[in-house]
Amino acid sequence: MSAKRVGMAAALVAVGCGGGDSPTDLPPEGPDLIVSAPDVPGRVAHGRSFYMDVTVLNRGTLTAGRTQVFFLHSVDGTITTADAVMGSEFTDTLAVNAEFVAGLRVEPPYGEFGTLYFGACVDPLPDEIDPTNNCSTAAGVEIFMPPPVGAVVDRTHESLTSRMAGSGQTSYRIYRSRSETGEYALVRDLSASGDVTTYLDGGLEPNTVYYYKAIACNGRFCSEDSNEWGGLTEAEGPVDIPAVPTIRGEKVNIPLGTDLARVHWDAVPGATFYRVYHDNDLDAEVSAPATSYLDTDPNTFLGAYQTTAYRVKACNKAGCSDYSDTVVLAMPP
C-alpha cells in the first residue's frame with residue numbers, strides 16, 4: 001500500500017473510531033467534504049489518455065483546511081480508499097459551501113478493454129462532521145479497440161507489403177479487394193507484432209491495384225473496419241522512370257486547432273509510388289493509386305500557420321522523376 005493510501009486509510013480509522021459509538025455521535029459542527037461524480041468521456045480509444053475532473057464541496061458548518069484529493073482506478077463500480085491511486089492534488093482552504101475543482105490527465109492501463117471505473121476520494125479532516133462520505137461515485141469509461149491505420153510501403157510485380165499501426169491489438173484480420181467499390185474477402189489472420197506490424201501479400205498480378213482493410217483484435221475485443229488503403233504492383237519486366245508530376249496544395253483549416261496542409265498531384269502513368277518533400281526533406285512515401293498527402297505537422301508556431309513548401313517525385317522500380325514544381329502554402333497577410 002502506498003504512503004498516500006496509508007495516510008488516507010489511517011485518517012479514516014482515526015476519525016471514524018475515535019468520536020463515539022454511532023453516527024449520532026458525529027460532531028455537530030465542522031467541515032464536511034464531499035466529492036462530485038467524475039467528469040469523464042464515455043468512450044476512449046485504447047492508447048489514448050483523457051482528462052478527468054471532480055468538484056470537492058464543503059457542505060459543513062465550518063471552513064475546511066487544505067487536504068488532498070486522490071484520483072483512483074477501481075476494479076468494480078465502487079470507489080474506496082483501497083483502489084489504485086493514479087495521482088493526487090491538494091485542495092485550497094474551503095469556506096462553507098465553497099467548491100474546489102481538481103483534475104488529472106488519466107492514462108488508462110495498457111492492454112485493458114471494456115468498461116473501466118474511475119473516481120476520487122478526499123482525505124478526511126480531523127474535525128470533519130462525517131468522514132465516511134469522502135469518496136465519489138464511480139464513472140465508467142469504455143476503452144475500445146481503435147481500427148488500425150494501414151499503408152502499402154513496398155511492392156514488386158507480384159507482391160505488396162503493408163504496414164499496419166494500432167494500439168493494444170494481438171491479431172489482425174486482413175481483407176482484400178480488386179476495386180474500391182468491390183467486395184472484400186478475408187485473406188489472412190495475422191498475429192500482431194507490437195504496435196506496428198508488416199504484412200507481405202504475395203501471388204499478385206503485375207501492374208494491378210489492390211485494396212485492403214483490416215480489423216484489429218485482442219481476445220474478444222475487436223475494432224471496427226479500418227479505412228481502406230491501396231497499392232499498385234510493379235509492371236513485369238523493364239520500365240521507364242515516370243514523368244514529373246503536376247502538383248497543387250491547399251491549407252486545411254482546423255477549427256480551434258492547428259491548421260494542416262494537403263498536397264495533390266495528377267496520377268503519373270507508370271508510377272507505383274510518390275515521394276513528398278516538405279521544405280526539401282523527404283516527408284512521406286505515398287503508394288499509387290493515391291494522389292494526395294495530408295501533412296499533419298506543417299510549419300506552425302504556437303498554433304499559427306507559417307509559410308511551408310512542398311515538392312513531389314513520381315517513382316517506380318526504375319527510379320524516381322525529377323522534382324515537381326514547388327507549391328508554397330503561405331500564412332495569410
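Which residues is Glu183 in contact with, leaving aside its neighbours within four places in sequence? I looked this up first. Glu183 is in contact with Arg176 and Ser177; contact means heavy atoms within 4.5 Å.

**Ground rules**

I am working on a predicted model, where local features need pLDDT of at least 70, side-chain atom pairs count only at pLDDT 80 or more, and totals for chains, interfaces and linings use all residues. Residues are numbered from 1 along each chain as its sequence is written, and side-chain values use heavy atoms, with hydrogens and water left out.

**Entry: Glu183 and Ser177**

I placed Glu183 next. Glu183 lies in the loop between strand 11 and strand 12 (185-191). Strands here are DSSP runs of E with at least two residues, numbered from the N terminus. Is Glu183 buried or exposed? Glu183 counts as exposed, at 77% relative accessibility. The cut-offs are under 20% relative accessible area for buried, over 50% for exposed, and partly exposed in between, with a 1.4 Å probe and protein chains only.

Then I turned to Ser177. Ser177 lies in strand 11, residues 171-177. Ser177 counts as buried because its relative accessibility is 4%. I listed its contacts, not counting residues up to four places away in sequence. Ser177 touches Gly182, Glu183, Tyr184, Tyr210 and Tyr211 on that count.

The Ser177 side chain reaches the backbone oxygen of Ser179 at 2.7 Å.

**Entry: disulfides**

How many disulfides are there? I count 3 disulfides, taking a disulfide as a pair of cysteine sulfur atoms within 2.5 Å.

I began with Cys121 and Cys135. Their sulfur atoms are 1.9 Å apart. The link of Cys121 and Cys135 is right-handed, with 110° about the S-S bond. Cys121 sits in strand 7 and Cys135 in the loop between strand 7 and strand 8 (139-144), so the pair links distant parts of the chain, 14 residues apart. Cys121 is buried, at a relative accessible area of 0%. Cys135 is partly exposed, at 28%.

Next came Cys217 and Cys222. A disulfide joins Cys217 to Cys222, with S to S at 2.0 Å. I read 110° about the S-S bond for Cys217 and Cys222, a right-handed link. Cys217 counts as buried at 3% relative accessibility, whereas Cys222 counts as partly exposed at 32%.

The sulfur atoms of Cys315 and Cys320 are 2.0 Å apart. The link of Cys315 and Cys320 is right-handed, with 110° about the S-S bond. Cys315 counts as buried at 0% relative accessibility, and Cys320 is partly exposed at 23%.

I then wrote down the pairing. With the bonded cysteines of the protein numbered in sequence order, the pairing is 1-2, 3-4, 5-6.

**Entry: aromatic pairs**

A pair of aromatic rings is described by the distance of the centres and the angle of the planes. The structure holds 5 aromatic pairs. Rings of Phe, Tyr and Trp (its six-membered ring) pair if their centres lie within 6.5 Å; planes under 30 degrees apart count as stacked, over 60 as edge-to-face and the rest as tilted.

One of the pairs is Phe113 with Phe221, which is stacked at 5.7 Å centre to centre and 25° between the planes. What does this pair tie together? Phe113 lies in the loop between strand 6 (99-106) and strand 7 (114-122), and Phe221 in strand 15 (residues 221-222), so the pair ties together parts that are 108 residues apart in sequence. Phe113 is buried, with a relative accessible area of 11%. Phe221 is partly exposed, with 24%.

Another pair is Trp265 with Tyr274, which is tilted: 5.2 Å centre to centre, 45° between the planes. Both Trp265 and Tyr274 are buried.

**Entry: charges over rings**

A charge sits over a ring if NZ of Lys or CZ of Arg is within 6 Å of the ring centre and within 35 degrees of the ring normal. Arg43 lies over the face of Phe144, 4.0 Å from the ring centre. The charged end of Arg311 sits over the ring of Tyr323, at 3.7 Å from its centre.

Notes
Helix = DSSP H or I, 4+ residues; strand = E, 2+ residues; numbered from the N terminus. Polar contact = N/O pair within 3.5 Å; in protein donor to acceptor, adjacent residues only side chain to side chain.
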